[in-house]
Amino acid sequence: MDLQQLSQLFASTFSPDPNVQKMSELQIRKLGGQEGMISSTLQIIGNDGLDAPTRQAAAVYLKNRVYSSYFVDTTARPDQVPIPTSDRAVLKSSIIPLIAASPSRAITVQLAGALKNVVARDFPEQWPSLAEDVKKLLVSGNVREVHAGCVATLEMVRAFRFRQGTDVLPKLVEEFFPTLVTIAGQALANPIVTNNDEVPTILHLIMKTYMTSIILQLSKHQQSQESLVSWGRLLFQVVNLQVPKDAVPEDEEERERCEWWKAKKWAYKILGRLFHRFGNPSQLPSSLQEEYGAFAQHFVTTFAPEIFKVYLAQTQLFVSNQVWISKKCQYRIFTFFTECVKPKSTWALLKPHFETLVSSYVYPQLSFTPARQEQWESDPIDYVRITVDEFEAYDSPVSAATSFLFALASNRTKTTFLPILGFINQVLQSKPAAPQRFGALNMTAALGPFIMRHPDVKGNMPQFVLQHVFPEFNAQEPYMRAVANEVLGTVVKSGLEFPNGQSLHQAMTAVAAGIDDTELPVRVHACLSLTELVTSSSTVKSAVAPQVGKVIQTLLKLSEETDLDLLNHCMETMVETYQSELLPVAAELTARLCETYARLAKESQAADEVEGGLDLDSIMDAESTEDKTFAAMGVAKTIATVVSAVESSPEILGQVQEIIIPIVVLTLEAKLLDLLDNMYDLVDMLTFKLRNISPNMWPVFELTYKLFKSDAVDFLDEMLPSLDNFVSFGIDAFKSRADYRQMVLDIYQTSMSSDHLGENDAVNGCKLAESMLLNLRGSVDDSLQAIITTALTKLEKAETNALRLATLNVVVNAVLYNPAATLSILDQTGVARKFFDKWFAAINVEARLPRVHDKKLSIVALCALMEVDPASIPQSVQEGWPGIVSGALKLFQEYPKAVQARKELQEMYQNDDEDEEDDDDSKYLNMNEEDDDVWDEDSAYAEMLANEGKRLREKSEKQAAGEDVSDDEDEEDDIEEELGYISPLDNVNPYVTFKASLTVFQMKNGQGYQLATTSLTSEHQTFLMEVMRIAGEQAAASAS
């Protein structure tokens, strides 16, 4: 292969001309399958005579080629050509030396990625020399070789970090980690050299390697006293390391990213991980007790106190301005302190210091800092996003400080809560400068839900608001006006009641002024606060009613300016609250919302196209698309709220529908899969509430079919309600359009046969087939055989009760649709007797037809069979034919219980909705006076996840070994009623139908009728009379 030509191709991938760039990439792809391509690429990467971009392009290609084609299984794509054996050998012999000689970090990263994928496939069996080669590098004494050895060790560990069923990772740890800890210790023993990144980079790699090794498990070697002491000493040394100012960048953001602080960050992270996952016995899940119980007891008594002591010392140095600590390291310190709150032993360490930590460490984080001021001025939208949800930037010290505050308030309420509130009051009483007042009120806003649930405190909050919050509405500093609105909204949401109308009016006036504030964050917080006031107070609700149009316009303008999803909640609440007031402007409001949605959807699509060319890490870091998508989702939910609000006026709802349809079409045509759920919710609501399909809605049906057959085959769950409505309310169109009927049939058959879909999708397909058979009576005769055979084929393979029932119901529906034709099809395919045996087996076991719909369907299908001409009854089922009457009676015995159970379930859901706002105070506060271990919902959730993980791993191991994995835990739950399910059978009275069919049975098939009734047990004969009596009463009642 011509190296010069290949080098030019790699260089051209950086061409500013997109055509040249594309042509080069295509040419490289064509050459990719040739033997020697990998060898040539490796030579280009190692050629010091070539420029850096060319070598980097070759390294990127190598990583991607190894990732996609080092190993190709039997389901490979046609364009996937496996790397030849000769090239694999050259790759394994060359990649470590290339890493050692790498001229830049950018190239090293690409080579490391390629190495990891080779290790994952070939080590140790196909690459037995690797371990020894890496060890030689680590002990060589040459800095570049040691660095390469550290990179290789990290990638070896990364390759096996998630594999728990192998001993490769524990062996790697035992072989390499003693050497790594020695290297790190020696590096720290030397004085820090300015402008030298080699030592901190090696230290960073060693820290990262250890952390990577303990993501899921802590090896026996790492649990040993020898390893724990040596690594513990190193970790404390790194944490305590005072890096000279001249060894790190002066700019704080650059300093955060420098190698020294990366190494320190990973040291903090390791100590936190050791305690959180393996060293905290009070929170250690029961499934991990056997493996880590002894280690946890040792760690919490001997090691955790040392971590606490070191972290406390670092905190004291930081708050006294003696040292600088990066934000990521501060986050880790706060996280460790938070972990110390629940265990009794570590709480004993933290308890004497919590007040100092709150006042000197938490409070400054939540005050109005210069960084907040800069963000307010440079990006007020992002300021709002982060201040409304402190966890938006989850790994920041502010979010961690907030979590620490929550942990103290909720887990050690008796000890900590009143002192924390006392501190807040003390700050506010001293009337400090605005940034400090902001901190105290910010803490109040964070603790608002806790304060309003504390029996000794909530009664004082009205006075607190009057004294400390109301004055800030007129503050000169806009951030004080914003936080005043935030505090007010939080406590009102949590149940604050004003002592008199004057105070309420004052609050409402202040918030109304905030909506017109010149500063965007103030306006946003005022809107949020007003929403809570409207929801909680009928007085405010009435006062706002005449101005609701202006409020909605303000919200729309803010939403368009900011694309903040949180404003959509305000809009939804206002629309729900003022339905009648907004009816006249519903179409205009919908049009504005649809414009906003369309803009966001297009921007999201454009960002997606740009990010499509990025690597995985870049995509993971990209937030722009995600923000636009979430904002579009929020707007779609608000549109849905408008639809619900105008359903009482079919004329307005029809207008609203025509405005909405274009954004649905836009979403489906652009294949914006993340937004499909929201769009199909809208289509479902519109078609169901209007009970008809407008001409402009049919293109949505056609697009849905195209999408299902292309990019959205796994979105049937989201599509089903809309598809069912198209069939149910578009009957005339389906009867006249064979192509529409074929589309629905194809969706059903694909859902039952596609290898890409699961049993839940097949259940949804069956529901669609049911809808066809129930709604299109007489119009799907040509599809009946396909529907039946597809269902029977799937019935034999079904693994879940839900799919068995769904496929059975499809054939039962076919019986109801056309009994004679269905019997003929079943007989011709030789499965009539087999089907009836399955059907009656289900009838005779109560749980097999559990829902009202299942029972009613089978009853009316049996009634249809009673009316069949005797000549149409296949010979194979004639013997059991008289059993259809006793089968119907068996179902009638259970039917009233199913109806009652459905009614009780409906009432339960209604009551749940009414009680939804009643939060359990115990979730917020722990009033226990003892300092015992705390076990809460979070602890129980972690326990459940760990136990379930263990169960699934054991099951997977048994499957891999060919053992039987069936157990009681794999048994399915009962199939519950689907309260939202509506079908034409809802209008059928099964009792009246049965009586009429029994009469026809007697007239058409006297002999069969005689056998059916005389073979009944005495109990069933008595019950038959009861059913006939009920039928007579209900027929008379409906006639009157």
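**Close-ups from a predicted model**

**View 1. K856 and its surroundings.** Setting aside neighbours within four places in sequence, K856 touches Y895, L985, D986, V988 and P990, where contact means heavy atoms within 4.5 Å. This is a predicted model, so local features need pLDDT of at least 70 and side-chain atom pairs count only at pLDDT 80 or more, while totals for chains, interfaces and linings use all residues. Residues are numbered from 1 along each chain as its sequence is written, and side-chain values use heavy atoms, with hydrogens and water left out. K856 sits in helix α46 (residues 852-866); helices here are DSSP runs of H or I with at least four residues, numbered from the N terminus. K856 is buried but has no salt bridge, and D986, the nearest side chain of opposite charge, is 5.1 Å away. Buried means under 20% relative accessible area, exposed over 50%, and partly exposed in between (1.4 Å probe, protein chains only). For charge, Lys and Arg count as positive and Asp and Glu as negative, with His and the chain ends not counted. A salt bridge needs a side-chain nitrogen of Lys or Arg within 4 Å of a carboxyl oxygen of Asp or Glu.

View 2. K262 and E259 pair up through their side chains at 3.8 Å, N to O. They are 3 residues apart in α14 (residues 259-278), so about one helical turn separates them. K262 is partly exposed at 21% relative accessible area, while E259 is buried at 9%.

**View 3. Salt bridges between helices.** E560 and R592 form a salt bridge, with their closest N and O atoms 3.1 Å apart. E560 belongs to helix α29 (residues 548-562) and R592 to helix α32 (residues 586-611), so this pair ties together parts that are 32 residues apart in sequence. Both count as partly exposed, E560 at 28% and R592 at 22%. E796 and K834 make another salt bridge, at 3.5 Å, N to O. That pair links helix α42 (residues 784-797), which holds E796, to helix α45, which holds K834, across 38 residues. E796 is partly exposed at 44%, and K834 is too, at 45%.

**View 4. Helix α44 against helix α45.** The axes of α44 (residues 819-828) and α45 (residues 832-843) come within 7 Å and cross at roughly 115°. Axes are lines fitted to C-alpha atoms over the stretch in contact, and angles run from 0 to 180 degrees between N-to-C directions. From α44, the contact uses L823, L826 and D827; from α45, A832, F835 and F836.

View 5. Most residues other than glycine have a negative phi, and most peptide bonds are trans. The F123 to P124 peptide bond is cis, with omega near 0°, and P124 lies in the loop between α6 (105-122) and α7 (130-138). N321 isn't a glycine, yet has a positive phi of about 60°; its loop runs between α15 (289-319) and α16 (327-339), and N321 is exposed at 71%. K671, also not a glycine, has a positive phi of about 55° in the loop between α35 (650-669) and α36 (676-690).

Terms used. Helices (H or I, at least four residues) and strands (E, at least two) are DSSP runs, numbered from the N terminus.
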